Amino acid sequence: MPELPPQAIRLTDGTGGQRLPVKPAFGSPCNGCGYCCAEEPCAIARENIPDHPEEGPCLALEHEGGRFVCGMIRRPGHYMRLPNDWADGHLGGLFAQALGAGRGCDAGDPGPCPSLQTDA
Ligand code: SF4
Ligand code: SF4
């Protein structure tokens, strides 16, 4: 999927103009808003995706069914440029565990979106 700047990802899903889920409070169940992974790549991405930039949206952030999902859990071999997908299930499980998937939102408050700020 195309890269989305952080300020844009807060407003649109990057596909059909739908609004994304609003980021919930820290510790709430993850709703797939994508904010955390659009703000910066995690260590899994930086250490396992070849040539991944240190800053900017994660290259493995995928959009499906109205929410963002982690491509390194879903199909890691694709992003790691492995010759086949044989290890996807095992690697995806390891990454999901390392990321704390299912343990709730671990991203802080994003603050006001620059696109919504006015001079008024
Ligand atoms: S962890 Fe939080 S910021 Fe990240 S996708 Fe889930 S709800 Fe959104
Ligand atoms: S690897 Fe997954 S959890 Fe980490 S930043 Fe990318 S999409 Fe988010």
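Predicted model: local features only at pLDDT ≥ 70, side-chain atom pairs only at ≥ 80, totals over all residues.

Trainee: What does Cys-37 touch, leaving out residues up to four places away in sequence?

Mentor: With those set aside, Cys-37 touches Pro-57, Cys-58, Leu-61 and Phe-68. As a general point, nonpolar side chains tend to be buried together in soluble globular proteins.

Trainee: Stepping back a bit, what's the overall secondary structure?

Mentor: The protein has 6 helices and 2 strands, and read along the sequence they follow the pattern α-α-α-β-β-α-α-α. Buried residues make up 22% of the 120 residues, and among contacts between residues at least 6 apart in sequence, 50% join residues at least 24 apart.

Trainee: How do the two strands, S1 and S2, pair?

Mentor: Strand S1, residues 61–64, and strand S2, residues 67–70, pair in the antiparallel sense over 4 bridges. Leu-61 has Cys-70 as its bridge partner in S2, while His-63 is bridged to Phe-68. The hairpin has 2 residues between the strands, and in it Gly-65 takes a positive phi near 60°.

Trainee: And which residues of S2 are on the covered face, and which on the uncovered one?

Mentor: Phe-68 and Cys-70 form the covered face of S2, whereas Arg-67 and Val-69 form the uncovered one. In a regular strand the side chains alternate between the two faces of the sheet.

Trainee: New topic, the ligands. What surrounds ligand 2?

Mentor: The shell around ligand 2 consists of Cys-37, Pro-41, Cys-42, Ile-44, Ala-45, Cys-58, Ala-60, Leu-61, Cys-70, Gly-71, Met-72 and Leu-99. Helix H3 (43–48) and helix H4 (71–74) are the elements that give two or more residues to this shell. By class, the shell around ligand 2 divides into 11 nonpolar, 1 polar and no charged residues.

Trainee: And how many residues surround ligand 1?

Mentor: Ligand 1 is surrounded by 13 residues, of which the closest are Cys-30, Cys-33, Cys-36, Cys-105 and Ala-107. The shell around ligand 1 divides into 8 nonpolar, 3 polar and 2 charged residues.

Trainee: You listed Pro-41 around ligand 2. Where does Pro-41 sit in the chain, and why does Pro-41 count as buried?

Mentor: Pro-41 is in the loop between helix H2 (35–39) and H3. Pro-41 counts as buried because it has 22 C-beta neighbours inside 10 Å, and the cut-off for being buried is 20 or more. Leaving aside its neighbours within four places in sequence, Pro-41 is in contact with Arg-46, His-52 and Cys-58. Pro-41 and Pro-53, which are 12 residues apart in sequence, are 8.0 Å apart from C-alpha to C-alpha.

Trainee: Last thing, the backbone. What is the phi of Asp-51, and is Asp-51 buried or exposed?

Mentor: Asp-51, although not a glycine, has a positive phi of about 60°, and its place is in the loop between H3 and S1. Asp-51 is exposed, because 6 other C-beta atoms lie within 10 Å. For background, most residues other than glycine have a negative phi.

Trainee: What about Arg-81, where does it lie?

Mentor: Arg-81 lies in the loop between helix H5 (76–80) and H6, and its phi is near 60°, a positive value in a residue other than glycine. Arg-81 is exposed, with 9 other C-beta atoms within 10 Å.

Trainee: And H6 itself, how many residues does it have?

Mentor: Helix H6, residues 88–99, has 12 residues and reaches 16 Å from its first C-alpha to its last, close to the 16 Å expected at 1.5 Å a residue. Just after H6, Gly-100 takes a positive phi of about 75°.

Methods:
Residues numbered from 1 in each chain as written. Chains lettered and ligands numbered in written order. Near = placed C-beta within 6 Å. Nonpolar A, V, L, I, M, F, W, Y, C, P; charged D, E, K, R; others polar. Expected span 1.5 Å × (residues − 1). Pairing = 2+ DSSP bridges. Buried ≥ 20, exposed ≤ 12 C-beta atoms within 10 Å, placed from the backbone. Contact = placed C-beta atoms within 7 Å.
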